[in-house]
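Here is a short report on one protein chain. It starts with aromatic rings and then turns to the fold as a whole.

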Amino acid sequence: MTDVSDYRGIFSLAGKKAIVTGGSRGIGKALAEGLAAHGADVAIVVQNTVERGEAVAAGIRAAGRDAMVIKANVASEADTIRVADEVAARCGRIDILINNAGIVLPAAAEDCSLDDWRWTMAVNLDGVFLMSRAVGRKMIAQKSGTIISVGSMSGRIVNWPFRHAAYNVSKAGVHMLTKCLATEWAEHNIRVNAIAPGYVLTELTEEVLRDHPDVVNNQWAKGAVQNRIGSVEELVGATVYLASDAASFTTGEVITIDGGLTLR
């Protein structure tokens, strides 16, 4: 018989070793800090924003958890292998991978250059595959682990009025890759899931708010049944859930967190 006290700690990540790509700002920063708040040690992977990454890591260490910053390009096969090797060497294992790094290069389809299309796919989709493969090999060897990718509601709908087919397609690919890896790696006790955020306030959306306040206030916010855009902090709960033992029977899922925008 289950005792009430048995449910204590099911969201705990105490002692877990995590990697968060793009963890120096925005969604990645919130997820890195959220994992640390629940007990995980975190390796923050950045391509250019090393100083900002170090500031996040310093805050995590001040809160009592270990943190490190690794400069790497997730679209580089060699870099992703190096990241997995460095974290495994320092921590002894890798329990959690958060694939968050991503880019948006807005362009109408007829104006989108092949270079921009390919770079979007390289970072948003290839990067998720390469990081998952490099870390997945470590997880297969240790027979455990959980991978959580940051997809997007844009993988389900064509959000409007801005045009960015490349981004939408890359995120739809992330959703399907999540399901494929969940299926293939279940036999190794590895769970693979994703979150699909809607419009949340980040540096990018702040820029849009400054330049196109009507879009943010009248289309993005009012498009959601909650009549607002979200915050990065509102993505932490689902991520901690997916990373923890509370989600031990959850794999291959894409959890949409969009204030109900895709309901209508």
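Ring pairs link Phe162, Tyr199 and Trp220 into a cluster. The model is predicted: local features need pLDDT of at least 70, side-chain atom pairs count only at pLDDT 80 or more, and totals for chains, interfaces and linings use all residues. Residues are numbered from 1 along each chain as its sequence is written, and side-chain values use heavy atoms, without hydrogens and water.

The structure holds 2 aromatic pairs. Rings of Phe, Tyr and Trp (its six-membered ring) pair if their centres lie within 6.5 Å; planes under 30 degrees apart are stacked, over 60 edge-to-face, the rest tilted.

| Pair | Centre to centre | Angle of planes | Type |
|---|---|---|---|
| Phe162 and Trp220 | 6.1 Å | 80° | edge-to-face |
| Tyr199 and Trp220 | 3.9 Å | 5° | stacked |

Phe162 lies in the loop between strand S5 (145-150) and helix H5 (165-185), and Trp220 in helix H7 (residues 213-223), so their pair ties together parts 58 residues apart in sequence. Tyr199 lies in the loop between strand S6 (190-197) and strand S7 (200-201), so its pair with Trp220 ties together parts 21 residues apart in sequence.

Buried means under 20% relative accessible area, exposed over 50%, partly exposed in between (1.4 Å probe, protein chains only). Trp220 is buried at 7%. Tyr199 is buried too. Phe162 is partly exposed at 26%.

Now the whole chain. Of its 264 residues, 49% count as buried. The C-alpha trace spans about 50 × 45 × 40 Å along its principal axes.

How values were computed: Helix = DSSP H or I, 4+ residues; strand = E, 2+ residues; numbered from the N terminus.
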